[in-house]
Amino acid sequence: MPKSIESPSDLAINGAPPLFAEPVHVGRPNIGDRQTFDRMVDAMFERAWLSNDGPLVRQLEEALAAHLNVAHCVAMCNGTIALEIAIRALDLDGEVIVPSYTFVATAHALQWQEITPIFADINPDTHTLDPDAVRRMITPRTSGILGVHLWGRAADVEALHAIAREHNLRIMYDASHAFGCTHDGVSIGNFGECEVFSFHATKFFNTFEGGAVVTNSDSLAAKMRLMRNFGFAGYDRVIYPGTNGKMTEISAAMGLTNLRDVGAFVVANKHRYARYQELLEPIPGLKMLRYDEDESNNYQYIVVELLPGFRTTRDEVVKALHAENVLARKYFWPGCHRMEPYGSLYPHTWLVLPSTELVAARVIVLPTGSSLATDDLAGIAAVLRQLA
Ligand code: T4K
């Protein structure tokens, strides 16, 4: 039973015992029915088929395509390789416009292929690419736009698609956070030429490590299947310089298990999101990110912003939460543009990213998910209240 926090002297930074005896993490995995998983893994061992386009991977790809209402799902070993393969399949080169306010893998997937990520600013309210900022970054070298549906909330796809059409640019999305989410009722996975999911352990839907590119293009899907398997087009016949992006059977077993339980994951997350809302919204100077209730959401991220009126700095708040064993995170501070190699290569980029700088400096992501009891949220809120 967590202690109650009624005054600053109850805070662990002031010498009191911590709120939680054990660390409470952001990103605890959503894990489906263990018996279902065990049964699938037993059958996998019986078959002695562990990787290379196995039956569980095929089953998962079909199930995911149906779930996301998209024509093709190409499963991969992780989201980063999925991004790299999608970028290459679209023949992106030169410069690609991308937000800086994202996990660094989005930018690295471009840089890794000697494509220059051009960081465009975000809309401070939505945390996704600002279409006007995107327009300002277009040059003759621009080949595409890589948008991100950050926190599971869709990027401004209509405006971005209009820009892409106008300037003859290719467009794809990093949908790593947006599994099971919709935009105008349309499942994320159907926007741009393709969309990339991460199925990392910390994601709403996980396959331990894993990812996928989904697309409605037959030719793109066929190309990516080739690319993820070294370019093999049959025994002894390689027709493309591919890589190894294959998902393993055990990951697919985890995916099939978790897919059955995504409904329960949403319920658990939504319940905590609603409770956090009740607890956090009355705190002055603190803004909690909202999901649009007219859409499907996975409620995987509890994102708060400390506004100028908040008495304590963001770093002090994070320090105080960590002292309570609440391992809140400063995602995605300081922004890709301040990480290497981008910080050294383009040291002045921050000048064109005022909203990215602002948002990255004030966001805190709080723990949620079924591993955290709803009753425990009051203690976390009480810490924030004492610091407000
Ligand atoms: N694009 C976007 C927008 C992304 O967010 C990501 C991944 C990618 C692309 C790339 O996809 P992948 O190649 O990863 O499939 C974590 C994840 O490693 C990363 O996958 C994720 N984004 C990112 C947002 O979070 P870190 O550096 O914060 O990881 P770490 O080790 O600090 O773990 C995060 C928290 O999760 C900790 O509090 C502990 C907890 N955790 C983690 C694991 C692995 C668990 O409780 N159990 C676990 O098994 O990057």
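Is Lys-223 buried, exposed or partly exposed? Partly exposed, with a relative accessible area of 24%. The cut-off for buried is under 20%, so Lys-223 does not count as buried. One caution before I go on: this is a predicted model.

Let me stay with Lys-223. Its side chain meets that of Asp-91 in a salt bridge, 3.4 Å from N to O. Lys-223 sits in helix α7, and Asp-91 sits in the loop between α3 and β3, so the pair ties together parts that are 132 residues apart in sequence.

Now the rest of the salt bridges. The whole structure has 15 of them. Take Glu-61 and Arg-225. Their side chains form a salt bridge at 3.0 Å, N to O. Glu-61 belongs to helix α2 and Arg-225 to helix α7, so this pair connects parts 164 residues apart in sequence. What about burial? Glu-61 is buried, at 6% relative accessible area. Arg-225 is partly exposed, at 30%.

Next, Arg-141 and Glu-95. This salt bridge comes in at 3.7 Å, N to O. It links distant parts of the chain, with the partners 46 residues apart. Arg-141 is in the loop between α5 and β5, and Glu-95 is in strand β3. Arg-141 is partly exposed, with a relative accessible area of 47%. Glu-95 counts as buried, at 12%.

On to helix packing. Helix α3 covers residues 79–89. It packs with α7 at an angle of about 125 degrees, and the axes are 10 Å apart. The crossing of α3 and α7 is right-handed.

Past the end of α7 comes a loop. It runs between α7 (218–228) and α8 (249–260), and Val-238 is in it. Val-238 is partly exposed, at 47% relative accessibility. Together with Phe-230 and Phe-232, Val-238 makes a nonpolar surface patch of about 250 Å².

Asp-236 is in the loop between α7 and α8 too. Check its backbone. Phi is positive, about 60 degrees, and Asp-236 is not a glycine. At 77% relative accessibility, Asp-236 counts as exposed.

There is another positive phi at Ala-48, near 50 degrees, again in a residue other than glycine. Where is Ala-48? In the loop between α1 (34–47) and α2 (55–68). Ala-48 is exposed as well, at 56% relative accessibility. The cut-off there is over 50%, so Ala-48 passes it.

Last topic: cis peptide bonds. A cis bond joins Trp-333 and Pro-334, with omega about 5 degrees. Pro-334 lies in the loop between β13 (326–327) and α11 (342–345). The bond from Glu-340 to Pro-341 is cis too, with omega near 5 degrees. Where is Pro-341? Also in the loop between β13 and α11.

To recap, follow α7. Helix α7 holds Lys-223, which pairs with Asp-91. Helix α7 also holds Arg-225, which pairs with Glu-61 of α2. And α7 crosses α3 with right-handed geometry.

Definitions and conventions:
Residues numbered from 1 in each chain as written. Predicted model: local features only at pLDDT ≥ 70, side-chain atom pairs only at ≥ 80, totals over all residues. Heavy atoms only, no water. Patch = residues over 30% accessible without salt bridge, like charges linked within 9 Å, V, L, I, M, F, W, Y side chains within 5 Å. Areas by Shrake-Rupley, 256 points an atom, 1.4 Å probe, with all protein chains shown as cover. Salt bridge = Lys/Arg side-chain N within 4 Å of Asp/Glu carboxyl O. Helix = DSSP H or I, 4+ residues; strand = E, 2+ residues; numbered from the N terminus. Buried < 20%, exposed > 50% of the residue type's maximum accessible area, 1.4 Å probe, protein only. Axes fitted to C-alpha atoms, helices over the stretch in contact; angles between N-to-C directions. Left-handed = near helix turned anticlockwise from the far one by under 90°.
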